[in-house]
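Trainee: Can we go through the salt bridges in this one? I'd like to take it piece by piece.
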Amino acid sequence: MLDLDALQARYRTVTGEEPQGLWFAPGRVNLIGEHTDYNDGFVLPFALDKKAVIAGGRRDDDQLVLVSLELDDEVHTSIGELSPGTEGWFSYLAGVVWALREAGHSVGGANLVMTSDVPLGAGLSSSAAIECATVAALVDLYGLDIAPMDRAKIARVAENAYVGAPTGLLDQAASTLCKADHGLFLDCRTLETEHVPLPMAEQGYEMLVLDTKTPHSHVDGEYGTRRATCEAAAAKLGIPALRDVEDLDAALAQLDDETMIKRVRHVVTENERVLKAFELARTADLAELAPLLDESHASMRDDYEITVPTVDLAVDTAKAAGALGARMTGGGFGGCIIALTKAGEADRIGQAIADAFDEAGFGAPVWFTVTPAPGAGRLS
């Protein structure tokens, strides 16, 4: 649990003043729709009750004082020194200042002290939580009028152009726009959204999130390579994006590269699964989502090739232990799985996965159950 008293005490130590407010943004779990966002497709995430919180205050100069409570690190820089490609945890905060200014907003100096309990490198969008909390803080501190989706876009610019991670809009949109007890259906082309009820407790289910503790990074080459392959395939098919494939078999027949064929098949079928999940969540028992979770994982494993042995073992063990459905969530190459379970079963299934990891010689995983939480806002 986050220690907000310690956060505010650190702010006072650093600045000699009380913070002007506390702002938060959550991590997210993607219920379904992996690597579809940058293909103009569909996604269905929900926000976690784990979040980044920023104690913030406006300055009268162009200085930025950026502090991480967990890392016990403090960085001083200025608006004029902001430079895309700068590495370090603080780039996620500094990048938002830069992105706001690039978008024409009058943002100056600030004191920003951060804490977060979103697991790092787990595919739960710890970076988007930091970015979106920073956006929320600076919008209030500087009296900016920025609509929620535009806030998400600014956070994505910080991630893409400043940090250098070629992600889509899914993470920032979920962190900004989600509401409690709902998923967020997002059309990544039109940016139309719809909140979808996810009454897990009411229907007698739990969602297990298990962190395999296999770190991954979107900044490495694997994510970018897959995105480039998808864009090349769309160009070869003569369509704006893979979302526009209408006949999968006909499209695959036009491709002669096996890797490209597999990537296209994943994206097109994953979009179909998101649309099915969207309809089922609105009209059916949530257990009907389980086969879609299983199919999604198999597609990520076999066609998009983004799972790793720890993730596959976690999914297989969850199913064997009684989970209704399970899949990797996030960008891949490590991170977390989700498993839909009957109420009261999640912890037992998590322990079964831990036992399987121990037997396989893997490190111990960490798990918890989640309830869909609200998006970014002000705490005080």
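Trainee: Is glutamate 305 buried, partly exposed or exposed?
Mentor: Glutamate 305 is partly exposed, at a relative accessible area of 33%. Buried means under 20%, exposed over 50%, partly exposed in between (1.4 Å probe, protein chains only). Note that this is a predicted model: local features need pLDDT of at least 70, side-chain atom pairs count only at pLDDT 80 or more, and totals for chains, interfaces and linings use all residues. Residues are numbered from 1 along each chain as its sequence is written, and side-chain values use heavy atoms, without hydrogens and water.
Trainee: Which residue does glutamate 305 form a salt bridge with?
Mentor: Lysine 262, with the closest N and O atoms 3.3 Å apart. A salt bridge puts a side-chain nitrogen of Lys or Arg within 4 Å of a carboxyl oxygen of Asp or Glu. Glutamate 305 sits in the loop between α10 (290-302) and α11 (309-320) and lysine 262 in helix α9 (residues 258-283), so the pair ties together parts 43 residues apart in sequence. Helices are DSSP runs (H or I, at least four residues), strands likewise (E, at least two), numbered from the N terminus.
Trainee: And lysine 262, buried or exposed?
Mentor: Buried, at 16%.
Trainee: New topic. Where is arginine 327?
Mentor: In strand β9 (residues 325-329). Arginine 327 is buried, at 0%.
Trainee: Which residues are linked with Arg327 in a network of salt bridges?
Mentor: Glu34, Glu270 and Arg273. The side chains of arginine 327 and glutamate 34 are 2.6 Å apart in a polar contact.
Trainee: How many salt bridges does the structure hold?
Mentor: It holds 24.

Conventions:
Polar contact = N/O pair within 3.5 Å; in protein donor to acceptor, adjacent residues only side chain to side chain.
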